[in-house]
Amino acid sequence: MSKVYAFLADGFEETEAIAVIDVLLRGDIQVKTVSINDTTKVTGVHGIVMMADQTIEETDMDDADMLFLPGGVPGTPNLAANEKLTNALIKYNQSGKRIAAICAAPYILGELGFLKGREATVFPGFEDKLEGAKEYTRAGVVTDGHITTARGMGVAIDLGLELISLLKDKELADEVAKRIQLV
C-alpha cells in the first residue's frame, strides 16, 4: 500500500489539507498526518483545530512514498522553517521520491532548488518564489518528474486525484472522481 505523510503547521489551509487527504484515502492510499509542532494539535489558518496522527519527532520519514505540503500562511513559512522537514524534502528530492505541494507551499520547493528546469504552479502572488522553475504555469495541477505542484484550495480535489494517478493508476483516480460525483 502506498503511504503519504501530510505535514501540518499552525496556519495551514484546512481545506487544502483535508480535501487532498480525503481523496487519497478514497484511493486506498495510507495517509499519516504529521504535526511539526511539539504536540499533535495543529490550528489551521481559519481556527479549525486538527489532531495529527503524530509529531515530526515521532516520524521516520524514510518509509513513505510521498511527502505532501498543504499551503496557507503562516502555515507555509512555518513548514519552511522546520529543519527536520526540509532535510527530509532534500533527501526525497535527491532520491527522486515524490513530493507534492499546494497553494503557497511550492515556494518551499523553489527555495530548496527543486524546481530548477521544471514546470510548476503556485498560488498567485508567489510566482517569483519558484526559483529556477523553467516555466510558471497557471494550470491547476502540474506534475514534472517527481514533483507535483497545485495552485490552491479550488484544485485540492484535482490534486488528490493526480496523486492517486501517480501512486496507483489513472483508472483508480477516474473511479474515485466518479464516486465523489466530480464527473
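Select strands β7 (residues 98-102) and β11 first: they run parallel and are joined by 4 bridges. The model on display is predicted. Within this pair, centre the view on A101, which stands opposite T149 in β11.

Now show the side chains of β11, which spans residues 147-150. Which of them point one way, and which the other? I147 and T149 point to one side, T148 and A150 to the other. In a regular strand, side chains alternate between the two faces of the sheet. Residues I147, T148, T149 and A150 are all buried.

Then zoom out to the whole chain. The protein contains 6 helices and 11 strands, and 51% of its 183 residues count as buried. Along the principal axes, the C-alpha atoms fill a box of roughly 40 × 35 × 30 Å. The radius of gyration is 15 Å, which agrees with the value near 16 Å that a compact globule of 183 residues would have. Of the contacts with a separation of 6 or more, 62% are between residues 24 or more positions apart.

Colouring by charge brings up 18 positive and 28 negative charges, whose mean positions are 3 Å apart.

Definitions and conventions:
Residues are numbered from 1 along each chain as its sequence is written. This is a predicted model: local features need pLDDT of at least 70, side-chain atom pairs count only at pLDDT 80 or more; totals for chains, interfaces and linings use all residues. Side-chain values use heavy atoms; hydrogens and water are left out. Helices (H or I, at least four residues) and strands (E, at least two) are DSSP runs, numbered from the N terminus. The radius of gyration is taken over C-alpha atoms; the globule rule is 2.2 Å times the number of residues to the power 0.38. Buried means under 20% relative accessible area, exposed over 50%, partly exposed in between (1.4 Å probe, protein chains only). Contact means heavy atoms within 4.5 Å. Lys and Arg count as positive and Asp and Glu as negative; His and the chain ends are not counted. The place of a charge is taken as NZ of Lys, CZ of Arg, CG of Asp or CD of Glu. Two strands pair if DSSP finds at least two bridges between them.
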